[in-house]
Amino acid sequence: MDVEFAGRSVAIVGAGIMGAGIAQAAAMSGHRVAVCDQSSEQLEKAAQEIDRSLGILVCKGRIDEPTAAAARNALRFCDSVEEAAAGVDLVIEAVVENLEVKQRVLGAAAVVASPHAVLATNTSQLSISSIASGLGQDADRVIGLHFFNPVVLMRLIEIVRGLMTNDATVEAAQAFAVSLGKETVLCLKDSPGFLTSRISAIVRLECLRMLEEGVGTAEDIDRALRLGLNFPIGPLELGDRNGLDTYLLVLESLSQSLGERFRPTVGLRNLVAAGRLGRKTGAGIYDYAADGSIRDADSHG
Ligand SMILES: NC(=O)c1ccc[n+]([C@@H]2O[C@H](COP(=O)([O-])OP(=O)(O)OC[C@H]3O[C@@H](n4cnc5c(N)ncnc54)[C@H](O)[C@@H]3O)[C@@H](O)[C@H]2O)c1
């Protein structure tokens, strides 16, 4: 693959919060994008969400109508990994944060994608080398492309090199990030949580601990970090946006690799057990009204 990465074919596996955002960003940047998910309901939801988001960007004057129309035309929603990844230059998996599932979907994609395709994972913290170890001779084309939520607005992509990742794959991943108009940082060591996730995980965890200890309300903890420490958004509110189920999986994995300081709280486990996963289920640490506004700033930690 040459180092320029424009107008390519990209497959996104997993059409949840991140997959939908990555698909939209890639389609808005002139790539042909095929998206799949194991859930047809989720795929439909992603299509609606992308459509809605493109409409908002047009209304706000951030893109023009022809760009939005071109992005819609560039998107294809598929029934299987095999259909989405056939012949593509780049696969990005954004499925559940689970090593075996990620190995399985990237392995299935590698069989049908172009023989030179980059095989990227959007994992928040799993070892790229471990994911790659399930890919046999394709392991040198596996790389971490860690996006941030909301993908279309966030400027950074964290690129994570695994032990087996070859130089061409790093260069292609960087070129893809540039084609999306993003900035990159390169995580040189395949270390759990990379440069970003271990920080965001620990900050949010400390906020949850304060909430559960009754030190302050969720609203005041978030307000304190926004107004006093200059966080653009409160860590608890961001947790609801990112999905508390994903956050719990991240903490369980980080606590195994980096130790006790990442152990999830009882309150977080209870929220997830109760199906309060954040905005995607209408309730998490906060309760949300139908229009998405916070309805009830209460201590559900
Ligand atoms: N949420 C965030 O803010 C965030 C940020 C950066 C990275 N990540 C990472 O991105 C990945 C996805 O997170 P998310 O928040 O989008 O999760 P999500 O739960 O919103 O979406 C995951 C999607 O993957 C689908 N899926 C699961 N197994 C599948 C399979 N075998 N084949 C096809 N589809 C499958 C699910 O149906 C679901 O729609 C995770 O690895 C997560 O750690 C998340």
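Me: Which residues are the closest to the ligand, and how many surround it?

Reply: In this predicted model, 24 residues surround the ligand. The closest are Met18, Asp37, Glu97, Lys102 and Ser124. By class, the shell holds nine nonpolar, eleven polar and four charged residues.

Me: Glutamate 97 was listed among the closest residues. Which side chain does a polar contact join to that of glutamate 97?

Reply: The partner is glutamine 125, and the contact is 2.8 Å. Glutamine 125 is placed in the loop between strand S5 (118-121) and helix H6 (128-133). Its relative accessible area is 2%; since buried means under 20%, glutamine 125 is therefore classed as buried.

Me: How should I read aromatic pairs, and how many does a search of the whole structure find?

Reply: One reads the distance between ring centres and the angle between planes, and an angle over 60 degrees counts as edge-to-face. The search of the whole structure finds one aromatic pair. Phenylalanine 5 and phenylalanine 176 form it, at 5.4 Å centre to centre with 75° between the planes, and the pair is edge-to-face.

Me: Which parts does the pair tie together?

Reply: Phenylalanine 5 lies in the segment before strand S1 (9-13), whereas phenylalanine 176 lies in helix H7 (residues 167-179), so the pair links parts that are 171 residues apart in sequence. Both phenylalanine 5 and phenylalanine 176 are buried.

Me: Which charged ends sit over aromatic rings?

Reply: The charged end of arginine 8 sits over the ring of phenylalanine 5, at 5.2 Å from the ring centre. The charged end of arginine 204 sits over the ring of tyrosine 247, at 4.8 Å from its centre.

Me: How should I read backbone angles?

Reply: Most residues other than glycine have a negative phi, and most peptide bonds are trans. Phenylalanine 194 is not a glycine, yet it has a positive phi of about 50°. Asparagine 230, also not a glycine, has a positive phi of about 65°.

Me: What is the peptide bond from asparagine 149 to proline 150, cis or trans?

Reply: That bond is cis, with omega near 0°. Proline 150 lies in the loop between strand S6 (142-146) and strand S7 (156-161).

Me: Which residues of helix H10 are buried, and what follows H10?

Reply: In helix H10 (residues 235-242), the buried residues are Pro235, Leu236, Glu237, Gly239 and Asp240. An α-helix has 3.6 residues a turn, so residues three or four places apart point the same way. Glycine 243 follows H10, and its phi is positive, near 105°.

Me: How does separation in sequence relate to distance in space?

Reply: Asparagine 166 and alanine 139 are 27 residues apart in sequence and 9.0 Å apart in space, C-alpha to C-alpha. Lysine 189 and methionine 210 are 21 residues apart in sequence and 32 Å apart in space, again C-alpha to C-alpha. Asparagine 166 lies in the loop between S7 and H7 and counts as partly exposed at 24% relative accessibility. Lysine 189 lies in the loop between S8 and H8 and counts as exposed at 66%.

Technical notes:
Residues are numbered from 1 along each chain as its sequence is written. This is a predicted model: local features need pLDDT of at least 70, side-chain atom pairs count only at pLDDT 80 or more; totals for chains, interfaces and linings use all residues. Side-chain values use heavy atoms; hydrogens and water are left out. Rings of Phe, Tyr and Trp (its six-membered ring) pair if their centres lie within 6.5 Å; planes under 30 degrees apart count as stacked, over 60 as edge-to-face and the rest as tilted. Helices (H or I, at least four residues) and strands (E, at least two) are DSSP runs, numbered from the N terminus. Buried means under 20% relative accessible area, exposed over 50%, partly exposed in between (1.4 Å probe, protein chains only). A charge sits over a ring if NZ of Lys or CZ of Arg is within 6 Å of the ring centre and within 35 degrees of the ring normal. A residue is near a molecule or strand if one of its heavy atoms lies within 4 Å of it. Ala, Val, Leu, Ile, Met, Phe, Trp, Tyr, Cys and Pro count as nonpolar, Asp, Glu, Lys and Arg as charged, and the others, Gly among them, as polar. A polar contact is a pair of N or O atoms within 3.5 Å; within protein, one must be able to donate a hydrogen and the other to accept it, and residues adjacent in sequence count only if both atoms are side-chain atoms.
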